[in-house]
Amino acid sequence: MARERQLSRRSLLGGAAAGAVTLTATTATGTASAATTRDVDVAIVGAGLAGLTAARDLVAAGKSVVVLEARDRVGGRVVGLNLTNGGITEGGGEFIGPTQQRIKALADSLGVETFTTYNAGNNLLYKDGKKTPYATDGILGAVPPIDAAGLANAAIVQATLDDLAKQIPVDVPWTAAKADEWDRQTFETWLRANAVIPSAKFLFDVACTSIFSAEPRELSFLFVLFYIAAAGDASNPGTLERLTETANGAQELRFVGGSQLVPIKLAAALGDRVVLSAPVRTIAKSGGKYVVTADGITVNAKKVVVAVPPPLAARISYDPLLPAARDQLTQRLPMASVGKAIAIYDTPFWRADGLNGQVVSDTGVISSTFDNSPPDASYGALMGFIEADEARKLDAASEAEVRAAVLKDYATYFGEKAASPSSFVLQRWNNEAYTRGGPVSIAAPGVLTQYGPALREPVGGIHWAGTETSTYWMGFMDGAVRSGERVAKEVLAVL
Ligand SMILES: Cc1cc2nc3c(=O)[nH]c(=O)nc-3n(C[C@H](O)[C@H](O)[C@H](O)COP(=O)(O)OP(=O)(O)OC[C@H]3O[C@@H](n4cnc5c(N)ncnc54)[C@H](O)[C@@H]3O)c2cc1C
């Protein structure tokens with residue numbers, strides 16, 4: 001039992017997140033060599049939102065499950081970072097918005113409340129060394145004040161993207177009539193031909209890095225259109241605006257007490273079915289069953305759900321080997337590159353200057369920021385994304401070097417006060433063993449049309465989940481929950 005970690009419940013961070021619980025690894029007593037074995041209906045790999053949702057639904061249907069999680073915490077790409085002032089901030093998935101009904105319903109069922117992302121006052125455009133505040137409630141939403149020709153061009157490009165996205169069936173994007181044509185080019189190639197005014201191209205470059213944490217040259221145009229199509233639901237076609245906006249968009253709401261409360265509470269309800277610090281190494285078929293071997297625990301299961309990002313799923317050994325199409329798919333869906341930097345201040349001082357904390361910038365390591373202060377604004381928090389090329393450049397930098405670069409940007413945008421936070425936290429996903437990038441796996445040209453069908457196709461009794469397998473809101477917390485719900489139904493149909 002020594003190496004099997006169990007869930008423990010303890011209060012988190014006192015008053016700031018009253019009522020919250022956290023799950024930590026506690027070392028049980030016993031001999032180190034005595035590995036545990038469990039026999040269950042379904043072994044689930046990964047205690048992110050997808051794996052935990054699948055477990056909840058399978059348990060509700062009367063099945064026995066075990067969820068094997070590599071880290072010493074649940075939540076995966078959703079993590080709460082403890083602040084020295086007793087507060088908590090998000091290092092990963094944070095915002096939700098309209099049409100993301102599944103994550104909202106899950107949070108509601110667990111009693112995790114939402115609040116509106118701070119959006120009063122002006123956004124700030126920092127371009128060509130100049131700061132220009134602009135309103136978030138214009139006729140077209142929050143439109144950065146670029147030149148008139150650029151704005152006209154950008155409006156046409158945005159409408160075209162939304163129109164083309166309507167031609168994508170979200171469950172099988174590779175079957176779109178023009179899938180081959182669109183999957184033969186990068187988003188960069190398409191933008192160069194369509195966003196011909198430099199200021200318009202700038203807006204789509206920033207939108208691209210903000211949405212994907214990838215450069216336009218890294219993405220298949222078909223993948224981008226699919227992602228836009230997926231930003232909706234069966235009655236509301238996806239739009240680019242829903243991806244980029246705060247009000248009425250994917251950044252509209254946050255969770256009181258931090259987003260990790262959702263997976264934490266979900267896992268707490270599953271009790272000791274969730275095993276932490278148990279990275280799965282092999283999944284082997286033996287007779288009619290599967291033997292799933294993780295550090296410290298072996299699970300015999302009738303079915304297996306793998307709920308980890310595709311490149312991480314590829315690091316597990318499968319016996320017998322997976323079909324070539326499935327393995328080659330996972331060789332071709334790398335994680336994008338992202339980090340989050342959050343600076344904490346005594347107050348959200350930028351609000352008094354009429355700013356909402358949201359920046360769009362053409363320079364620096366941070367080109368997009370948000371006001372991440374708690375709902376009662378008892379302290380100020382500025383959150384910035386470190387994205388794509390900027391993230392990769394800093395992968396090997398020390399924390400002090402990243403901090404200095406980030407605070408230089410914050411001071412440029414919000415004034416000298418921003419250079420001296422009371423504390424500073426950093427989450428660098430490229431360097432995280434069990435994620436290795438984020439927010440999502442991305443597809444270059446040729447991947448979806450050649451390998452797309454292998455994304456969800458079960459291999460024998462092994463089923464695939466995770467946000468990357470979702471039809472709507474792929475890449476988001478909502479997509480992760482949807483994938484968990486879908487895979488549970490899929491498994492129940494064959495158990
Ligand atoms: C910086 C950042 C910002 C984001 N912002 C937002 C946002 O604002 N809104 C939003 O909706 N989404 C956002 N996302 C995306 C969102 O967090 C993810 O889409 C979602 O959390 C994915 O959940 P998942 O369960 O599919 O995968 P994951 O959360 O990645 O869960 C997979 C789990 O599997 C574990 N694992 C990996 N390998 C193994 C193994 N071999 N054995 C056992 N366990 C293993 C991992 O440790 C992890 O816990 C963001 C992500 C990042 C990184």
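The legends below describe close-up views of a predicted model.

**View 1. Polar atoms around the ligand.**
The ligand is surrounded by 35 residues, and Glu69, Arg71, Arg77, Thr467 and Met477 are the closest of them. A polar atom in the side chain of Glu69 is 2.6 Å from an oxygen atom of the ligand. Arg77 places a side-chain N or O atom 2.8 Å from a ligand oxygen atom. At Thr467 the backbone takes this part: one of its polar atoms lies 2.8 Å from an oxygen atom of the ligand. On its own the ligand has 1000 Å² of accessible area, and the protein covers 97% of this.

**View 2. Make-up of the shell around the ligand.**
Two or more residues of the shell come from helix H1 (49-60), and two or more from helix H15 (477-492). By residue class, the shell holds 21 nonpolar, ten polar and four charged residues. Among the closest residues to the ligand are Arg71 and Met477.

**View 3. Strand S3 and its partner S14.**
Strand S3 spans residues 36-45, and eight of its ten residues are buried. S3 runs parallel to strand S14 (residues 297-306), and nine bridges join the two strands.

Together with helix H1, the strands S3 and S4 make a β-α-β unit, which is right-handed. Helix H1 (49-60) is also one of the elements that give two or more residues to the shell around the ligand. S3 itself is mostly covered.

**View 4. The hairpin of strands S8 and S9.**
Strand S8 (residues 122-127) pairs with strand S9 (residues 130-134) in the antiparallel sense, and the pairing extends over five bridges. Within this pair, Leu125 stands opposite Thr132 of S9. The two strands form a hairpin with two residues between them. Asp128 is in the turn and has a positive phi of about 50°. In a regular strand, side chains alternate between the two faces of the sheet.

Note on methods
Residues are numbered from 1 along each chain as its sequence is written. This is a predicted model: local features need pLDDT of at least 70, side-chain atom pairs count only at pLDDT 80 or more; totals for chains, interfaces and linings use all residues. Side-chain values use heavy atoms; hydrogens and water are left out. A residue is near a molecule or strand if one of its heavy atoms lies within 4 Å of it. A polar contact is a pair of N or O atoms within 3.5 Å; within protein, one must be able to donate a hydrogen and the other to accept it, and residues adjacent in sequence count only if both atoms are side-chain atoms. Accessible areas come from the Shrake-Rupley method with a 1.4 Å probe; for residues, only the protein chains shown count as cover. Helices (H or I, at least four residues) and strands (E, at least two) are DSSP runs, numbered from the N terminus. Ala, Val, Leu, Ile, Met, Phe, Trp, Tyr, Cys and Pro count as nonpolar, Asp, Glu, Lys and Arg as charged, and the others, Gly among them, as polar. Two strands pair if DSSP finds at least two bridges between them. Buried means under 20% relative accessible area, exposed over 50%, partly exposed in between (1.4 Å probe, protein chains only). A crossover is right-handed if, with the strands pointing away from the viewer, the path from the first strand over the helix to the second runs clockwise.
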